[in-house]
Structures are given as C-alpha cells and as structure tokens.
Amino acid sequence: MKIYKVVPSADSIVAKKKEQAQDVIAKFFDVISQECTGGWEFHSMSPVVVTRKLGKFKTRRETYHAFVFVKERPEIKG
C-alpha cells in the first residue's frame, strides 16, 4: 500500500529583471529535490484553487500548485 503527501507551492514564480527563465523554473526543482528524501518519490503536480472567504459575501480565489509525493507504506508486523 502507498501513502501520499501534498506540498503546496505558489502558482507562479516571479522572475527578476535579469533572471533567466530556466533559473526561475529551477525553483520548482528545488522543492521537488527537498521533498524527495526518506523514500518519498515525486508523483505529480496539479493546480489547486482555494476560495478564501473574506466576509459574508466576498471571496477571493487563489491558485496554487500541489506537488504530490508517494512512498510505500511500511509493513506493520504484529
């Protein structure tokens, strides 16, 4: 059996004036590399929309990326 974890990340990455696109995109790789420890493997990435309630009738939609990681569940011996 497998277990999963989800790590949220920003929807977009802002490039400073002189940054190259590949350097900015590498920030996603940094998140993946940081989380792929202890048996966790990168599974997928998908957009997630969060609707934040700001008042009785007002809401704001925020979009994030969800990085999904998977690993085998350790067997429980008993």
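Let me start with the helix. Val-24, Phe-28, Ile-32 and Glu-35 are the buried residues of helix 1. Buried here means under 20% relative accessible area, exposed means over 50%, and partly exposed is in between, with a 1.4 Å probe and protein chains only. Helices are DSSP runs of H or I with at least four residues, strands are E runs of at least two, and both are numbered from the N terminus.

A word on the source. This is a predicted model, so local features need pLDDT of at least 70 and side-chain atom pairs count only at pLDDT 80 or more, while totals for chains, interfaces and linings use all residues. Residues are numbered from 1 along each chain as its sequence is written, and side-chain values use heavy atoms, with hydrogens and water left out.

Back to that buried set. Why might residues three or four places apart point the same way? An α-helix has 3.6 residues a turn, so they do. What covers the buried residues of helix 1? The cover includes strand 1 (2-10), strand 2 (41-53) and strand 3 (59-72).

Now the helix geometry. Helix 1 covers residues 21-35, 15 residues, and should span 21 Å at 1.5 Å a residue; its end C-alpha atoms are 23 Å apart, which agrees. The expected span is 1.5 Å times one less than the number of residues. Helix 1 also bends by about 25° at Phe-28. That bend is the angle between axes fitted to the seven residues ending there and the seven starting there.

Contact means heavy atoms within 4.5 Å.

How are the strands joined? Strand 2 and strand 3 share 12 bridges, and strand 1 and strand 3 share nine. Two strands pair if DSSP finds at least two bridges between them. A hairpin of five residues links strand 2 to strand 3. Some partners in strand 3: Arg-61 for Thr-51, Val-68 for Ser-44, Ala-66 for Ser-46 and Tyr-64 for Ala-10.

On to the core. The largest nonpolar core has seven residues: Ile-3, Val-7, Phe-28, Ile-32, Trp-40, Phe-67 and Phe-69. Strand 1, helix 1 and strand 3 each give two or more residues to this core. Such a core is a set of buried Ala, Val, Leu, Ile, Met, Phe, Trp, Tyr and Cys residues joined through side-chain atoms within 4.5 Å.

Last, two residues. Is His-65 buried or exposed? His-65 lies in strand 3 and counts as buried, at 14% relative accessibility. Beyond four places in sequence, its contacts include Val-7, Phe-28 and Met-45. Lys-2 lies in strand 1 and counts as partly exposed, at 45%. Beyond four places in sequence, Lys-2 is in contact with Val-70, Lys-71, Glu-72 and Arg-73.
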